[in-house]
Amino acid sequence: MLDTQVTKAPPSLLYMVKQVELVVRSHLDELVRPSGITALQYTALTVLERHDGLSAAQLARDSFVTAQSIADLVRSLETRGLVRRERNPKNRRELLILLTEEGRALLAQHEGPVRELEERMVRDLTAHQTEQFRQALTTAWHALS
């Protein structure tokens with residue numbers, strides 16, 4: 001008698017990465033909603049915190065949004081006083097997007113809860129496994145960039 005039990009393949013890595021992204025975004029949206037911003041806006045602010053003074057195209061790339069949607073996102077953040085735009089002294093036609101003190105304060109307000117979310121995500125991993133996970137994600141990102 002043949003064993004007709006079929007072993008199911010595990011889900012693809014792409015599917016699993018998307019699942020993690022969706023659940024992280026959902027939790028992040030919950031964390032920042034009381035401040036009147038979205039997870040995508042929060043992401044853009046954190047990008048500016050690390051690399052202030054980016055063009056819209058650079059900010060879009062680093063924030064994982066399209067060039068079309070970054071315009072609305074930046075306009076909304078600017079209206080809230082979280083970012084400002086200035087002419088690039090090296091290229092007067094280009095506007096640079098900069099984080100304001102209000103934007104920095106909002107990020108500081110969410111620093112603890114966001115860190116707790118990240119810690120919760122990796123709480124069942126050792127410190128070494130967490131670092132390996134970080135390196136693996138970085139390597140995968142570079143391979144596709």
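**Figure 1. Packing of helix H2 against helix H4 in the predicted model.** Helix H2 covers residues 39–50 and helix H4 covers residues 67–79. Their axes lie 10 Å apart and meet at an angle of about 80°. Angles of 65 to 115 degrees count as roughly perpendicular, so H2 and H4 are described as roughly perpendicular to each other. On the H2 side, the contact is made by Leu40, Gln41, Ala44 and Leu45. On the H4 side, Leu73, Ser76 and Leu77 take part. By type, the residues of this contact divide into 5 nonpolar, 2 polar and no charged.

**Figure 2. The largest nonpolar core.** This core has 24 residues. Ile37, Leu45, Leu59 and Leu77 are those with the most contacts inside it. Two or more residues come from each of helix H1 (13–32), H2, H3, H4, strand E2 (91–99) and helix H5 (101–121). H2 gives the most, with 6 residues. In soluble globular proteins, nonpolar side chains tend to be buried together.

**Figure 3. Surroundings of leucine 59.** Which residues is leucine 59 in contact with, leaving aside its neighbours within four places in sequence? They are Ala44, Val47, Leu48, Leu54, Ile70, Val74 and Ile97. Leucine 59 is also one of the residues with the most contacts inside the largest nonpolar core.

**Figure 4. Phenylalanine 64 in the loop between helix H3 and H4.** Helix H3 spans 56–63. The phi of phenylalanine 64 is near 65°, a positive value. Most residues other than glycine have a negative phi. Is phenylalanine 64 buried or exposed? Its relative accessibility is 64%, and exposed means over 50%, so phenylalanine 64 counts as exposed.

Conventions
Residues are numbered from 1 along each chain as its sequence is written. This is a predicted model: local features need pLDDT of at least 70, side-chain atom pairs count only at pLDDT 80 or more; totals for chains, interfaces and linings use all residues. Side-chain values use heavy atoms; hydrogens and water are left out. Axes are lines fitted to C-alpha atoms, for helices over the stretch in contact, and angles run from 0 to 180 degrees between N-to-C directions. Helices (H or I, at least four residues) and strands (E, at least two) are DSSP runs, numbered from the N terminus. Angles under 35 degrees count as roughly parallel, over 145 as roughly antiparallel, 65 to 115 as roughly perpendicular and the rest as oblique. Contact means heavy atoms within 4.5 Å. Ala, Val, Leu, Ile, Met, Phe, Trp, Tyr, Cys and Pro count as nonpolar, Asp, Glu, Lys and Arg as charged, and the others, Gly among them, as polar. Buried means under 20% relative accessible area, exposed over 50%, partly exposed in between (1.4 Å probe, protein chains only). A nonpolar core is a set of buried Ala, Val, Leu, Ile, Met, Phe, Trp, Tyr and Cys residues joined through side-chain atoms within 4.5 Å.
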